[in-house]
Every structure is written in C-alpha cells, then in structure tokens.
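I opened my notebook to look into how this chain folds. Here is what I looked up, entry by entry.

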Amino acid sequence: MFMTWFKSSRALEGHIMTKQDVINAVLKKLGPKQDRPFQIAMNELQNDGLIDVQEDGVTLVLTPKGADFI
C-alpha cells in the first residue's frame with residue numbers, strides 16, 4: 001500500500017507521505033483486525049531500508065533505496 005502510493009505519486013528520494021496521506025490512502029481502507037498487519041508492513045519497509053518513519057510514528061519518508069525500488 002505504501003509503496004503503491006509513492007509510485008502513483010511519482011515520488012522521488014525524500015518524498016514524504018504525511019500523516020494525513022497515510023490516513024486517506026491506507027488507514028481508511030483498513031478494518032480493526034488489520035491494525036497489526038499495518039504495523040508489521042511499516043516495520044518491514046523500514047527494516048528493508050525503503051522508508052524512514054518519522055518521530056510521530058506515521059509520517060513516512062522515501063529513502064534512496066525505496067526510490068530505486070519503485
């Protein structure tokens with residue numbers, strides 16, 4: 001979901017997915033049982049070096065590796 005959003009936004013390295021973007025593009029589409037998979041997906045993307053998660057825990061920044069991936 002996250003990488004699809006970055007790709008559709010034609011994002012480049014350093015592009016930010018704001019908290020509001022995450023809410024509109026991802027969270028509104030998820031049910032309560034999907035909260036855990038949502039967090040797992042964010043952690044995997046961060047651990048793989050595709051995104052950086054900002055201090056608020058929701059704002060995402062596309063890394064150089066993430067830009068190459070999309």
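**Entry 1: the core**

I started with the largest nonpolar core, which has 18 residues; Phe2, Met3, Phe6, Met17, Val26, Phe38 and Leu60 touch the most other members. By a nonpolar core I mean a set of buried Ala, Val, Leu, Ile, Met, Phe, Trp, Tyr and Cys residues joined through side-chain atoms within 4.5 Å. The elements that give two or more residues to this core are α1, α2, α3 and β3. I noted that α1 gives the most, with four residues. For the element names, helices (H or I, at least four residues) and strands (E, at least two) are DSSP runs, numbered from the N terminus.

A reminder to myself on the source: this is a predicted model, where local features need pLDDT of at least 70 and side-chain atom pairs count only at pLDDT 80 or more, while totals for chains, interfaces and linings use all residues. Residues are numbered from 1 along each chain as its sequence is written, and side-chain values use heavy atoms, with hydrogens and water left out.

Next I looked up Phe2, which sits in helix α1. Phe2 counts as buried because its relative accessibility is 4%; buried means under 20% relative accessible area, exposed over 50%, partly exposed in between (1.4 Å probe, protein chains only). Which residues does Phe2 contact, leaving aside its neighbours within four places in sequence? I found Met17, Val26, Phe38, Ala41, Met42, Leu45 and Leu60, where contact means heavy atoms within 4.5 Å. Phe2 and Leu45 are 43 residues apart along the chain, yet their C-alpha atoms are separated by 8.9 Å.

For Met3, not counting residues up to four places away in sequence, I listed Leu45, Leu50, Ile51, Leu62, Gly66, Phe69 and Ile70 as touching.

**Entry 2: helix α3**

I then checked the length of α3 (residues 35–47).

Phe38, Met42 and Leu45 are buried in α3. Seen down the axis of α3, its buried residues fall within an arc of 65°, so they line one face of the helix. That arc is taken from the directions from the helix axis to the C-beta atoms. The face turned away from the buried side carries the exposed residues Arg36 and Asn47. The buried residues of α3 pack against α1 (2–8), α2 (19–25), β2 (51–53) and β3 (60–62).

**Entry 3: the sheet**

What is the strand order of the open sheet? I read β1-β3-β2, three strands with antiparallel pairing; two strands pair if DSSP finds at least two bridges between them. The edge strands are β1 (16–17) and β2, each pairing on one side only. Three bridges join β2 to β3, and Val53 has Leu60 of β3 as its bridge partner.

**Entry 4: two loops**

Last, I turned to the loops. Arg10 lies in the loop between α1 and β1, and its phi is near 55°, a positive value in a residue other than glycine. Arg10 is exposed, with a relative accessible area of 74%.

Leu50 belongs to the loop between α3 and β2, and at 8% relative accessibility Leu50 counts as buried. Leu50 touches several residues beyond four places in sequence, among them Met3, Leu45 and Phe69.
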